[in-house]
Amino acid sequence: LIEETEEALERSDTDSLMKDEFFDKLSIEEKISQMIAYPIVIDKVDNIDNGEEKFIDELSPGFITIFGQEIASDSAKQKVTEINNLYKDNVFSPRFIVDHEGGSVQRLSGKGYTVLPSWKETCELGEIKMANLLEKSARELKSTGIDIVLAPVLDVGENPILKDRICSDSYAVVADKSVVYARAFGSFGILPVLKHFPGIGNINKDLHTDFDFVEVLQNDAELYKYVIEESLGVGVMVSHAGVLNQDSQVPCSLSKSCVDELKNTYANILVFSDALEMKSASFDKANVSEEKGLVQVSKEAVIAGNEILIYGQSIGSVDIKDIVFSLSKEYRNNPEFKELIDQAVLKIVNYKYAER
């Protein structure tokens, strides 16, 4: 037992040194890029275009988000392999992210994949049947090379905006079904990302196209607490809704006080922004007639405490280069911003080593 303990400590020390070495050799631009989830659209079996390949090879984003409709298994596996081959050092290799709620929000639903019913319909299944269905799907995604799923949805209510993306109007049902989902994917080494913190079940507008705020109840906080503590490990996505209990005119994703509600309680959980090009993220209470630019929104997301910056499929390599350039400049000139970036990247590095 003593020998096993000593060996474990030696491995821990070695891993720690390797992580420190990895972090230390990152340039400023590479540190920023580790926080970027770069969107890739798969629409057919084809190779990465030259511009995309050059961008990925140059900046090595830390995460890749897969977009597309009814993507087939062969197409997804080909794209994952192509992208991984662009990374010279597998320590830098990306982690692949995909929306996987079921229903209309399931990118990988073509040939070779199990088509999941909507999240609402999935929640109506018995626990064993639900777990078996989700484990089958998780196995398929793992064989593709997917590391992270943006699901389950913890929002509660009967909502005309989210519709069947919501499991139930019962907190107890959402809690239990979300744990089943998180455990099913977690058991295959895939990180589920709970969304949309702190809870947008009573939202009245589509945050993709408009800004809105919500009232967060104690039940919402208890829901996240329960699912986090009962799961094998999760991340959390922060929404762009304002929070009536804090500042209804500032998106939670851009509010340090709102994000800190999560981080102060669960310091080790990776914090994902919702897609930063959404209209709700660009809302500026100081000038409601003019939207903030994507670079400014990205900077404020970092300052608020987001660690992985998500972008939708409309955002291209030119946009991401502008963001990396601007955040790198801020890193050089602002010690407080530098510290925030370093903390986020160290957390990402720890995640990548822990799940190797």
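Helices here are DSSP runs of H or I with at least four residues, strands are runs of E with at least two, and both are numbered from the N terminus. The model is predicted, so to speak of local features takes pLDDT of at least 70 and side-chain atom pairs count only at pLDDT 80 or more, while totals for chains, interfaces and linings use all residues. Residues are numbered from 1 along each chain as its sequence is written, and side-chain values use heavy atoms, with hydrogens and water left out.

**Exercise 1. Work out which element gives the largest share of the lining of the second largest pocket.**

Step 1: get the terms down. On a 1 Å grid over the protein atoms alone, a pocket is an open set of points with protein on both sides within 12 Å along at least five of seven lines, and a cavity is a set where a 1.4 Å probe fits but cannot get out; lining residues have an atom within 4 Å of a point. Points are joined across faces, edges and corners, and a volume is the space filled by probe spheres set on them.

Step 2: the second largest pocket has a volume of about 360 Å³. It is lined by 18 residues, and F197, P198, V216, A221 and E261 are the closest to its centre.

Step 3: α8 (218–230) and α9 (256–263) are the elements giving two or more residues to this lining. The largest share, 6 residues, comes from α8.

Step 4: sort by class. Ala, Val, Leu, Ile, Met, Phe, Trp, Tyr, Cys and Pro count as nonpolar, Asp, Glu, Lys and Arg as charged, and the others, Gly among them, as polar. That gives 10 nonpolar, 4 polar and 4 charged residues.

**Exercise 2. Find which residues sit closest to the centre of the largest pocket.**

Step 1: this pocket has a volume of about 530 Å³. Of its 29 lining residues, R107, R165, H208, D274 and M278 are the closest to the centre.

Step 2: β2 (63–67), β3 (95–102) and β6 (191–197) each give two or more residues to the lining. By class, the lining divides into 13 nonpolar, 7 polar and 9 charged.

**Exercise 3. Decide whether V41 is buried, partly exposed or exposed.**

Step 1: buried means under 20% relative accessible area, exposed over 50%, and partly exposed in between (1.4 Å probe, protein chains only).

Step 2: V41 has 35% relative accessibility, so V41 counts as partly exposed.

Step 3: V41 lies in strand β1 (residues 36–41). Leaving out residues up to four places away in sequence, V41 touches F67, K79 and Q313, where contact means heavy atoms within 4.5 Å.

**Exercise 4. Describe how α10 and α12 meet.**

Step 1: the axes of α10 (residues 294–304) and α12 (residues 335–354) come within 9 Å and cross at roughly 75°. Axes are lines fitted to C-alpha atoms, for helices over the stretch in contact, with angles from 0 to 180 degrees between N-to-C directions.

Step 2: α10 is therefore roughly perpendicular to α12, given that under 35 degrees is roughly parallel, over 145 roughly antiparallel, 65 to 115 roughly perpendicular and the rest oblique.

Step 3: K299, V302 and I303 in α10 meet F337, L340 and I341 in α12. The contact residues divide into 5 nonpolar, no polar and 1 charged.

Step 4: The largest cavity holds about 50 Å³, and its lining includes V302 and L340. α12 supplies the largest share of that lining, 3 residues.
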